[in-house]
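Let's take a walk through a protein model together. Keep the sequence and the 3D view open while you read.

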Amino acid sequence: MQPAGYNWDFSAFFKYLPFLLQGLEVTLLVSLLATCVGLVLGLLVALARLSGFPPLRWVAAFYVDFLRSTPLLIQLVWVFFALPILLGYSLPPLVAAVATLGAYSGAYLAEIFRAGIVSIASGQRHAGLALGMTRTQVMRRIILPQAVVRMLPPIASTLITLIKDSSLVSVISVAELMWAAQSLASVTLRPVEILTGTGLLYVAVAYPLSLGVELVRRRYLAT
Amino acid sequence: MAYEWDWSALWDNLAFLLDGLSLTVLASVVSMAAALVLGLLVALARLSGRWLGAAAQVYIELFRNVPLLVLVLWVFTVLPLLGGFTLSPLMSGTLPLTLKISAFLAEIFRAGITSIATGQTHAALAIGMTRTQVLKRIVLPQAIRRVIPALGSMWVSLFKDTSILSVIGVGELMYQGRIVATDTYRPLEVFTGVAVIYYLLAYPQALGVNWLFAKFQVQE
């Protein structure tokens with residue numbers, strides 16, 4: 001027979017909070033590094049998708065479609081367990097995590113970049129070319145500076161999604177928040193409080209961020 | 001030293017993997033059906049009076065901002081301890097998916113409902129329809145049409161999210177893949193195969209969603 005009511009006891013949660021916060025630091029670090037990788041990769045892929053050379057466009061489109069059509073978990077497991085067989089050496093979990101999350105977010109960011117670039121009226125591009133600027137100059141000086149401003153809110157949303165998705169890298173034992181929570185839950189035998197508290201920690205990080213992004217978007221970018 | 005590929009590990013266990021795939025589809029369908037109903041109810045609650053609206057908002061923000069993995073483990077380990085009952089693996093798999101997706105669907109439904117011009121509601125009330133009639137006959141039929149493409153996007157992301165259920169031992173495609181990879185010592189071929197299976201299924205769905213977006217595009 002189960003007791004009628006569960007006796008909540010958060011003392012284990014608070015006692016080990018510093019351990020969880022260390023995990024949270026790793027979560028944020030992994031998410032930030034992966035976003036940096038994703039931004040560079042995403043910009044390159046977006047430019048490849050808009051290039052005049054068809055094979056480059058096809059490869060970039062396949063990259064975007066494949067990474068967006070497969071679960072992050074299989075990508076993670078593939079990079080950590082399968083890729084090393086091809087490479088001939090194993091990857092440290094942190095490297096595998098950042099690489100996978102970076103490649104994954106890169107596919108989404110590429111679409112954000114592409115939409116941002118396409119959204120700048122083509123008249124501006126023509127005008128720039130007519131003035132004698134090269135294609136690269138037009139892209140760097142006219143299109144990208146305007147496009148980047150429009151892309152900021154979706155880029156921030158991608159980062160927030162990544163903070164949540166990065167919990168999956170606990171599966172390849174990167175010592176981030178979720179991994180810390182799972183080890184604590186089994187050590188303290190208080191999974192109820194630890195997991196509930198961890199869920200609330202994620203909310204405490206993700207919710208204010210998304211609220212902030214929404215406010216900035218409304219105030220500065222209302223169309 | 002070149003790696004010697006051996007795809008027989010994949011072909012020999014294809015039936016086993018496809019068994020898992022049927023559970024992936026089942027979990028997606030059940031979660032989506034439940035989330036559609038729940039999401040619509042939460043959206044209506046969100047648009048209603050103060051307390052109910054506030055409660056619905058907490059529901060939405062909570063389940064949108066908690067990682068799915070936390071929800072999955074919470075339902076799997078915590079809920080039985082709190083409630084004193086055990087759930088079948090499939091049940092503890094579909095419940096977290098339903099909670100997450102319904103929170104996103106609630107926001108989609110809410111956006112759809114508020115996008116219908118209020119003049120229509122006023123007109124309908126003025127000709128003597130009750131609030132429920134207005135909702136059922138005027139607002140919802142138009143709102144649901146508008147959000148169909150967004151529902152499609154959620155479906156595709158749900159389909160991929162089911163892979164997380166492998167963590168609690170639900171025998172869907174990802175779980176079966178991990179078993180085969182371990183049994184055959186051929187993770188490269190097996191995981192590549194599993195990824196390709198996901199791609200072959202999800203990519204046409206994504207194309208379908210693009211088609212929906214084009215077909216149901218709203219012109220004001």
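What follows is a short tour, from one whole chain down to single residues.

## Ground rules

This is a predicted model, so local features need pLDDT of at least 70 and side-chain atom pairs count only at pLDDT 80 or more, while totals for chains, interfaces and linings use all residues. Residues are numbered from 1 along each chain as its sequence is written, and chains are lettered from A and ligands numbered from 1 in the order in which they are written.

## Chain B as a whole

Let's start with chain B, which has nine helices and zero strands. Here helices (H or I, at least four residues) and strands (E, at least two) are DSSP runs, numbered from the N terminus. Read from the N terminus, the elements go α-α-α-α-α-α-α-α-α. The C-alpha trace of chain B spans about 75 × 45 × 25 Å along its principal axes.

How much of chain B is buried? The figure is 42% of its 220 residues. A residue is called buried if 20 or more other C-beta atoms lie within 10 Å of its own, exposed if 12 or fewer, and partly exposed in between, with C-beta atoms placed from the backbone. Two residues are in contact if their C-beta atoms, placed from the backbone, lie within 7 Å. Take the contacts in chain B between residues at least 6 apart in sequence: 78% of them join residues at least 24 apart.

## Helix 3 of chain B

Now zoom in on helix 3 (residues 50–65) of chain B.

## Where the chains touch

In total, 31 residues of chain B are in contact with 30 residues of chain A. On the chain B side, helix 3, helix 4 and helix 9 (187–215) each supply at least two residues, and helix 9 of chain B gives the most, with eleven. Sorted by class, the chain B side has 24 nonpolar, five polar and two charged residues. For these classes, Ala, Val, Leu, Ile, Met, Phe, Trp, Tyr, Cys and Pro count as nonpolar, Asp, Glu, Lys and Arg as charged, and the others, Gly among them, as polar.

The axes of helix 9 (residues 191–220) of chain A and helix 4 (residues 68–83) of chain B come within 9 Å and cross at roughly 145°. Axes are lines fitted to C-alpha atoms, for helices over the stretch in contact, and angles run from 0 to 180 degrees between N-to-C directions. Residues making this contact include Leu195(A) and Tyr202(A) from helix 9 of chain A, and Leu73(B) and Trp74(B) from helix 4 of chain B. By class, the contact has ten nonpolar, four polar and no charged residues.

## The nonpolar core

A nonpolar core is a set of buried Ala, Val, Leu, Ile, Met, Phe, Trp, Tyr and Cys residues joined through C-beta atoms within 7 Å. Which residues touch the most other members of the largest one, with its 123 residues? They are Val72(B) and Phe191(B). The largest share of this core, 13 residues, comes from helix 5 (residues 93–119) of chain A.

Leaving aside neighbours within four places in sequence, Phe191(B) is in contact with residues of both chains, among them Trp78(A), Phe81(A) and Ala181(B).

Ser105(A) sits in helix 5 of chain A. It counts as buried because 28 C-beta neighbours lie inside 10 Å. Beyond its neighbours within four places in sequence, Ser105(A) is in contact with Ala34(A), Thr35(A), Gly38(A), Thr158(A) and Leu162(A).

Most residues other than glycine have a negative phi. Leu189(A), though not a glycine, has a positive phi of about 60°. Leu189(A) lies in the loop between helix 8 and helix 9 of chain A, and it counts as exposed because it has 10 C-beta neighbours inside 10 Å. Ser173(A) also has a positive phi, near 50°. Its place is the loop between helix 7 (135–165) and helix 8 (177–188) of chain A, and with 13 other C-beta atoms within 10 Å, Ser173(A) is partly exposed.
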